[in-house]
Amino acid sequence: MGPLVTTEWLAANLGTPGLVVFDATKYLPNEPKDGHAEYLRSHIPGARFFDIDLVADTDTDLPHMVPTPGRFAKLMSELGVSNDSRIVFYDQKGLASAARGWWLMSLFGHDETAVLDGGLPKWIAEHRPIGDGQGAAPPPGSFVPDFRAKQLRGIGDILRNVLTRHELVLDARAAGRFTGSVPEPRAGMRSGHIPGSASVPYTDLLNADGTFRPAGEVRARLEAAGVDGKKPVVTSCGSGVTACILTLGLRVAGFPEGAVYDGSWTEWGGRPDTPIEVG
């Protein structure tokens, strides 16, 4: 199973043993919607809800940070996931937050995971079946994690990289947020970007319907930002969610995936002691 699956593939495989489908929708603070409420209203039949704020470290003030391996294992087992499960993530916006679920599974050692290209909007546009409500709780699984620390970066890593420039940091936020010309959606955040980082709005990798552009186009856009397959890449965004779309894009384009800066701009822009560039 590749990093992306089509709606045709999912429709053909829906309900097969071992396949778990997750709605991993997360709306921004300035979007007046609740992902779980919308899931209850409409979802792909049999899909379970993957709460990005729950499958997280709940002992920090930063939003949806990576949980401990023990917490991740417990929550995924409760959601019916085992090490032999095949997992497909989608979201209600096309492709915005589903890649976060995909990346988390990879971070904890599970590679049989994919993102539904085009997400729920494409599924609905093709008049495929829809379910609603919570559904019965799945039988518990048994998930044993294999944490891959090299796929994760913290603020200390990024502070050092500002000096060394050993890794290329790609910022998935909209261009105006990167330059500092528009305010951040989270109150109290400074505007701008990490010094030396490159702007690659995640929407640049997608078609208007939320599907990925062809691999060659994705590769060309990433190359234009400085990706060469040799220099390590770290992706960042507002809070570690859409950064994972760039990480997925690196895979689609055939580049090494690199790592995700989990705290992203919420951590960097929320502190008074981190350097910032504008423009």
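These legends go with several views of one predicted protein model.

View 1. Helices (H or I, at least four residues) and strands (E, at least two) are DSSP runs, numbered from the N terminus. The C-alpha trace spans about 50 × 40 × 40 Å along its principal axes. With 279 residues, a compact globule would have a radius of gyration near 19 Å, and the chain's 18 Å agrees with that; the radius is taken over C-alpha atoms, and the globule rule is 2.2 Å times the number of residues to the power 0.38. Numbering starts from 1 along each chain as its sequence is written. As this is a predicted model, local features need pLDDT of at least 70 and side-chain atom pairs count only at pLDDT 80 or more, while totals for chains, interfaces and linings use all residues, and side-chain values use heavy atoms, leaving out hydrogens and water.

View 2. Of the 279 residues, 52% count as buried, with buried meaning under 20% relative accessible area, exposed over 50% and partly exposed in between (1.4 Å probe, protein chains only). Take the contacts (heavy atoms within 4.5 Å) with a separation of 6 or more: 79% of them come from residues 24 or more positions apart.

**View 3. The sheet β1-β5-β4-β2-β3.** Here five strands line up in that order as an open sheet with parallel pairing. Its edge strands, β1 (4–5) and β3 (48–49), each pair on one side only; two strands count as paired if DSSP finds at least two bridges between them. Zoom in on β2 (residues 19–23) and you find two bridges to β3, in the parallel sense. Phe22 has Arg48 as its bridge partner in β3.

**View 4. The sheet β6-β10-β9-β7-β8.** This open sheet also has five strands in the order given, with parallel pairing. At the edges sit β6 (152–153) and β8 (198–199), each pairing on one side only.

**View 5. Strand β7 and its two neighbours.** Four bridges, in the parallel sense, join β7 (residues 168–171) to β9 (residues 233–236). In β9, Val233 is the bridge partner of Leu168, and Thr235 is that of Leu170. Leu170 also has a bridge partner in β8, namely Ala198, and β7 and β8 pair in the parallel sense over two bridges. Both faces of β7 are covered: Leu168 and Leu170 are buried on one side, Val169 and Asp171 on the other.
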